[in-house]
Amino acid sequence: RDLGTIVAIDCGRFPVERGANVGAAATFYVSTTGNDRNDGSPARPWRTLSHATDTAPEGALILIAGGDYRETADDVSALTLRKRGRTLAVRAGEIATLRPSRAEQNYGLVPEADDVEVRGLRIAGFRSGVAMWTGGGRTQRNLVLVGIEVDGQRRRGAEGIIQYMDNRTPGGDETREPATLDGLLLRDVTVRGVEMGVACNGGPCRNWYLDGVRVEAVRVGDN
């Protein structure tokens, strides 16, 4: 399927993954047995991914322990990344899964900030696994997703990794329009149980690099 409007490929401007051993300014910890009143240390981890991403400083590495995470900060989206420069990484050898906390929570991971990296997270049961909403003339920059698994709803309209917004103007030159997302790296990513796997839609999108991306689309009826 057509990815959408992707223009201006410049290999020198692809985002670069920092990895789980980034020598970050600070490292914080999240666990299903933690508490958001804790300090995020190994002995006193936080409980929710939302609190961790909103509280940790720019440049921080957030290590996620295994388990199921059902975030309740927002009714529609499970985890919105609003702060730039954070790296979220599931701890080696563990499985951490982001799941809906209610039926109305249609969107799993919603990256809004620049310079964000997410590694090893499983995202299951959402209408849209990873949803980017940046638009209105604004450009989101440098999103890195490594080792991500998206397990869709296996129903009509289920989507994997989608940029929804459109910065194009009628009759405009798409090569000159502001990108919705400039710089996306998908590496070792699996998307399954969806009708649409990875898409830019209107965009325009710039400098997307897909390496080892596997999409297992399903054919569904009118349900």
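Is Cys205 buried or exposed, and what is the relative accessible area of Cys205? In this predicted model, Cys205 has a relative accessible area of 0% and is therefore buried, since the cut-off for that class is under 20%. The sulfur of Cys205 is bonded to that of Cys200 in a disulfide, with an S to S distance of 2.1 Å, and the count of disulfides in the model comes to one. Cys200 is likewise assigned to the buried class, its relative accessible area being 0%. The torsion about the S-S bond of Cys200 and Cys205 is about 95°, and the disulfide is therefore right-handed.

Strands of a sheet pair through backbone hydrogen bonds, in either a parallel or an antiparallel manner. In the present model, five strands are arranged in an open sheet, in which the order is β5-β8-β11-β14-β16 and the pairing is parallel. The edges of this sheet are formed by β5, which covers residues 77-81, and by β16, which covers residues 196-199, and each of these strands pairs on one side only. From one strand to the next, the twist averages 15°.

Because its relative accessible area is 13%, which falls under the 20% cut-off, Val90 is classed as buried. When residues up to four places away in sequence are not counted, the contacts of Val90 are Ile64, Ile95, Ala96, Arg119, Gly120 and Leu121. Val90 also illustrates how separation along the chain and separation in space can be set side by side, for Val90 and Ala65 are 25 residues apart in sequence, while their C-alpha atoms are 6.2 Å apart.

Side chains of opposite charge can pair when their charged atoms come close. The count of salt bridges in the model comes to 17. One of the pairs joins Arg187 to Asp211, with an N to O distance of 3.0 Å. This pair links distant parts of the chain, given that Arg187 belongs to strand β15 (residues 181-194) and Asp211 to strand β17 (residues 201-217), the two residues being 24 residues apart. Arg187 is partly exposed, with a relative accessibility of 23%, and Asp211 is also partly exposed, with a value of 30%.

Two other pairs can be described in the same terms. Asp166 and Arg168 form a salt bridge through their side chains, at 2.9 Å from N to O; Asp166 is partly exposed at a relative accessible area of 38%, and Arg168 is partly exposed at 34%. In the salt bridge between Arg44 and Asp39, the closest N and O atoms are 3.6 Å apart.

Methods: Residues are numbered from 1 along each chain as its sequence is written. This is a predicted model: local features need pLDDT of at least 70, side-chain atom pairs count only at pLDDT 80 or more; totals for chains, interfaces and linings use all residues. Side-chain values use heavy atoms; hydrogens and water are left out. Two strands pair if DSSP finds at least two bridges between them. Helices (H or I, at least four residues) and strands (E, at least two) are DSSP runs, numbered from the N terminus. Axes are lines fitted to C-alpha atoms, for helices over the stretch in contact, and angles run from 0 to 180 degrees between N-to-C directions. Buried means under 20% relative accessible area, exposed over 50%, partly exposed in between (1.4 Å probe, protein chains only). Contact means heavy atoms within 4.5 Å. A salt bridge is a side-chain nitrogen of Lys or Arg within 4 Å of a carboxyl oxygen of Asp or Glu. A disulfide is a pair of cysteine sulfur atoms within 2.5 Å.
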